[in-house]
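Here are my notes for you on this one, written as numbered points. Keep the structure open while you read and look up each residue as it comes along.

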Amino acid sequence: MRRQVPLIITFFIGALLVISVFIPPMVSLKETFTLYFDIIAVFAFFLGGGNLLRVHLGKLYGKKQDWGFSLVTVAGFAMMLIVGLFKIGNPGGIAASITAEGSLFQKLFEYIMVPLGSTMYALLAFFVASASYRAFRAKNREATILLIGAFIILLGRTPFGMMLTSWIPEQLSILQIPNLAIWIMNGPNLAGQRAIMIGIGLGVVSMSIRILLGIERSYLGEDK
Amino acid sequence: MSRTMIILLALVAIVFAVSWAAKSASLDDQYDDYISRGFLITLAAFLTLSILSFLYKDNPFYKFAEHLFVGVSAAYWMSLGFWSTIVGNLIPRLSVTLSAFFKVPHIEDEYALYILPDKVSYFIPVVLGILLLMRLSKKAGWISSWPLAFIVGTTAGLNLVRYLRSDFIEQVSSTFVPLLVDWQGTGRFFSDFNLYAYGQFVTMLGNWVIFIGVLCGLVYFFFSKEHKGIFGGASRVGIWVLMITFGASFGYTVMGRISLLVGRLTFLFHDWLELIG
């Protein structure tokens, strides 16, 4: 029962959605199930929040190592959740959008989440720089091609790239670095992306068939 | 907590307070809520610097910012999901009374299942969602595999068709491009290398590169035959094409990260310190 029922649900829902593509009156099933999916996804967010609380409250309760930081997580979580769910500080009240301009929720997003998120990603610029140092060594032919490709794209998107090759006559403008960068993006890069996308497409289709047929069942966890 | 840490914390608190006061004073003539705005800008600057402090080494300020980010973003997505999906999409279809309470217009069903009454069908995801929350219980946790099966089945069913269409059929059909385009004679072919004019040479070269590149890229991913001889040569060309793709993606990633960094530095030096105009 614990393993059979989920396998039956997966097969039934998946097969129904695939069949619905071929039967016009059933086409709207796709929208219905997408909406169901979105609704369940919200519950999954709540599950994630609940789990986060369980983990950090456990650390707080047991006064485990770095419990003070768990307090920060719980406090931040509680503050944002209360402001968000009850629309506290929203000038338009319950009828207004949660992200309405001037609302406290929007301010917390703008002044806490945006600085934290974007700085976290910006931090990667430094690590990418050190990774570039290792990757950009032309040790063999493949690494050299990678180096040249990345270099042209980087230079082509800066005024410096334009300045370097602006002397090239209009008839040979493809050799100007910005144009070369555009050509690389629309030519070799597109070809590589396409080969990868075709591979991904085939991979997703075969994995979907494996899931529907119950061959792939790792999402149910280990057999006990 | 070490003595150095206490001194450092006190210093940061003083700098924060001074910055808040200075920022509020500078916003005094522009906004009514200058005190709270001054606080929020100072807080954003403090959090930005806390994250950047990781460049030195892992430290309590970074950990503070990291933990705050985890808590705040989890609650952000929960709140947004509740208001946009539950209140925005589910309640208007479920109940007139609840729609009136949340002040959202009631929606007469568009996509209900044919075999169930309109309103009843929307209880299915609610029940499945509640079953998903059972995951938090040790005893009844196993039942959460039912909604999980629903999610996996929906994803597999939708993606099977979607990826077959967009990632396979569409991409294959777009690869079959004309290899001899708009032929206007040898003279024109060699005289016009201009990219913007879509000269014959450039367009043809592009199409050849796409066709051969995709073919060779796929050969590289084909592992059922040993990569030897002509097949091995094609596979090697495939690697080169993929290397250019990875190089381009790498270049774009670097550019994206640097532009984010520029954005944060602009915030620090313009919005917070007002050192640049």
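1. Chain B, read along its sequence, runs α-α-α-α-α-α-α-α-α-α. That makes 10 helices and 0 strands, where helices (H or I, at least four residues) and strands (E, at least two) are DSSP runs numbered from the N terminus. Chain A gives the pattern α-α-α-α-α-α-α-α, with 8 helices and 0 strands.

2. A word on what you are looking at: this is a predicted model, in which local features need pLDDT of at least 70, side-chain atom pairs count only at pLDDT 80 or more, and totals for chains, interfaces and linings use all residues. Residues are numbered from 1 along each chain as its sequence is written, while chains are lettered from A and ligands numbered from 1 in the order in which they are written. Chain B has a mean pLDDT of 89, and 90% of its residues reach 70 or more; pLDDT is the predictor's confidence in each residue, from 0 to 100. Where pLDDT is low, the predicted coordinates should not be read in detail. The scores for the model are ipTM 0.88 and pTM 0.87.

3. Now the overall form of chain A. Its radius of gyration is 26 Å, whereas a compact globule of 224 residues would have one near 17 Å. (That radius is taken over C-alpha atoms, and the globule rule is 2.2 Å times the number of residues to the power 0.38.) The C-alpha trace of chain A spans about 70 × 50 × 45 Å along its principal axes. Ala95(A) sits in the loop between α3 (67–85) and α4 (104–135) of chain A.

4. How much is buried? In chain A, buried residues make up 34% of the 224 residues, and in chain B they make up 29% of the 277 residues. Buried here means that 20 or more other C-beta atoms lie within 10 Å of the residue's own; 12 or fewer means exposed, anything in between is partly exposed, and C-beta atoms are placed from the backbone. Ala95(A) counts as exposed because it has 11 C-beta neighbours inside 10 Å.

5. The two chains meet in a contact that takes 105 residues from chain B and 110 residues from chain A. Two residues are in contact if their C-beta atoms, placed from the backbone, lie within 7 Å. On chain B's side, α3(B) gives the most, with 24 residues. By class, that side of chain B has 74 nonpolar, 25 polar and 6 charged residues. (Ala, Val, Leu, Ile, Met, Phe, Trp, Tyr, Cys and Pro count as nonpolar, Asp, Glu, Lys and Arg as charged, and the others, Gly among them, as polar.)

6. Have a look at helix α6 (residues 123–133) of chain B, where Pro125(B), Leu128(B), Gly129(B) and Leu132(B) are buried. Why are they on the same side of α6(B)? They cover an arc of only 105 degrees around the axis, the arc being that of the directions from the helix axis to the C-beta atoms. An α-helix has 3.6 residues a turn, so residues three or four places apart point the same way. Phe123(B) and Val127(B), on the other side of α6(B), are exposed. The buried residues of α6(B) pack against α2 (29–61) of chain A together with α7 (145–175) of chain B.

7. Leu47(A) belongs to helix α2 of chain A, and it is buried, with 20 other C-beta atoms within 10 Å. Leaving aside neighbours within four places in sequence, Leu47(A) is in contact with Leu132(B), Leu133(B), Arg135(B) and Leu136(B).

8. The largest nonpolar core has 64 residues; those that touch the most other members include Ile40(A), Leu116(A) and Phe150(B). Such a core is a set of buried Ala, Val, Leu, Ile, Met, Phe, Trp, Tyr and Cys residues joined through C-beta atoms within 7 Å. α3(B) supplies the largest share of this core, 13 residues.

9. Last, check Lys63(A), in the loop between α2 and α3 of chain A. Its phi is near 50 degrees, a positive value in a residue other than glycine.
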